[in-house]
Amino acid sequence: MLFRSKKQKKTLDRSQRMNQLKARALATVAQKAWGRNNRQKSVTLLTKALARDPKNIRLLADLASAHGKRRNYDEAEKLLARASELSSRKASSLRMVAQAYASIDRPERAMECYCQSIALNTDTPTTADTFVELSGLYERRHRLDEAREAVEQALGRDPHHEQARLQQAVLDRRMGDLEQAELRLRTMIGGDLKTSGIAAKAWYELAQLLDKTKRYDEAFEAFCSAKRTLRPQCKRFLQSSKHMLEKNEEMLQSLNPDHFQSWQELARDDTPYRCAVMTSHPRSGTTLAEQILDSHDQLKSADEYDV
């Protein structure tokens with residue numbers, strides 16, 4: 001029988017720690033690359049990080065999300081299946097996996113993982129967040145009663161949870177109680193919201209409600225208030241847009257006649273099809289319209305993008 005000495009064990013532990021530190025460093029660089037829209041580099045770095053720390057749930061989830069956003073869904077789902085197996089007894093890890101499933105438009109698997117996370121530990125500090133995220137998924141799938149139950153569970157744990165309060169108002173509007181929805185939104189806006197993003201969303205929700213009830217001047221003012229709330233962040237948004245335009249320009253400059261020739265050859269045997277682009281304000285019904293269109297056997301919808 002072979003016994004491992006304490007020195008060998010310490011060396012192994014030190015090696016594992018070094019691998020974990022290197023994996024963390026690679027993941028940090030990958031995140032920055034993704035922020036610069038260098039997505040292939042980000043995937044490559046995350047893959048290297050995962051090779052050094054193969055049981056790291058965060059790395060599995062991040063790499064799966066990256067693959068999903070690049071339309072490599074098979075690889076994304078393999079990684080998340082592995083992450084789910086490793087996370088089966090840890091609530092926080094299952095929530096992480098659920099978020100990754102949601103990010104690649106796999107809502108049913110996301111909801112399943114959220115429910116498993118809640119079942120493991122219903123009273124952790126993050127459980128309210130988990131219930132809110134689950135409520136959002138239910139709402140997007142038009143399962144409004146389940147969405148209401150989930151958001152009430154969140155507020156039962158944290159009555160001041162800003163996202164939960166906003167979600168409650170959204171559900172009031174979706175379920176036809178416009179008066180209650182308006183009251184909740186005005187209470188939030190007139191209070192001391194700590195998150196500017198939540199405040200802006202509350203103004204947008206109120207604007208949509210006012211527009212629906214034909215109070216157009218008030219609706220316009222609410223839209224303007226939402227924009228004013230976001231004004232301090234405009235520099236960051238402008239920098240992001242500028243960087244995106246620069247990347248687009250680089251891509252255009254890199255094109256040459258060979259690219260067009262190869263695309264023409266690839267398209268020769270392809271089935272002709274037509275494309276349409278649908279844009280809108282958030283929460284204006286386009287998700288439902290997209291789902292209705294996608295149900296037609298001769299139509300195929302793509303993913304949603306924030307513009």
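H142 counts as partly exposed because its relative accessibility is 33%, where buried means under 20% relative accessible area, exposed over 50% and partly exposed in between, with a 1.4 Å probe and protein chains only. The helices named here are DSSP runs of H or I with at least four residues, strands are runs of E with at least two, and both are numbered from the N terminus. The model is predicted, so that local features need pLDDT of at least 70 and side-chain atom pairs count only at pLDDT 80 or more, while totals for chains, interfaces and linings use all residues. Residues are numbered from 1 along each chain as its sequence is written, and side-chain values use heavy atoms, with hydrogens and water left out.

K214, in the loop between α11 (196-212) and α12 (216-230), also has a positive phi of about 65° without being a glycine. Its relative accessibility is 62%, and K214 therefore counts as exposed.

Two packed helices are described by the angle between their axes and the distance between the axes. For helix α3 (residues 57-69) and helix α5 (residues 91-103), the axes come within 9 Å and cross at roughly 5°, the axes being lines fitted to C-alpha atoms over the stretch in contact and the angles running from 0 to 180 degrees between N-to-C directions. That makes α3 roughly parallel to α5, since angles under 35 degrees count as roughly parallel, over 145 as roughly antiparallel, 65 to 115 as roughly perpendicular and the rest as oblique. On the α3 side, I57, R58, A61, S65 and K69 meet S93, M96, V97, A100 and S103 of α5, contact meaning heavy atoms within 4.5 Å. By class, this contact has five nonpolar, three polar and two charged residues; Ala, Val, Leu, Ile, Met, Phe, Trp, Tyr, Cys and Pro count as nonpolar, Asp, Glu, Lys and Arg as charged, and the others, Gly among them, as polar.

Rings of Phe, Tyr and Trp (its six-membered ring) pair if their centres lie within 6.5 Å, with planes under 30 degrees apart counted as stacked, over 60 as edge-to-face and the rest as tilted, and the count by this rule comes to two aromatic pairs. The ring centres of F260 and W263 are 5.3 Å apart and their planes stand at 75°, so this pair is edge-to-face. F260 and W263 are three residues apart in helix α14 (residues 257-268), and therefore separated by about one helical turn.
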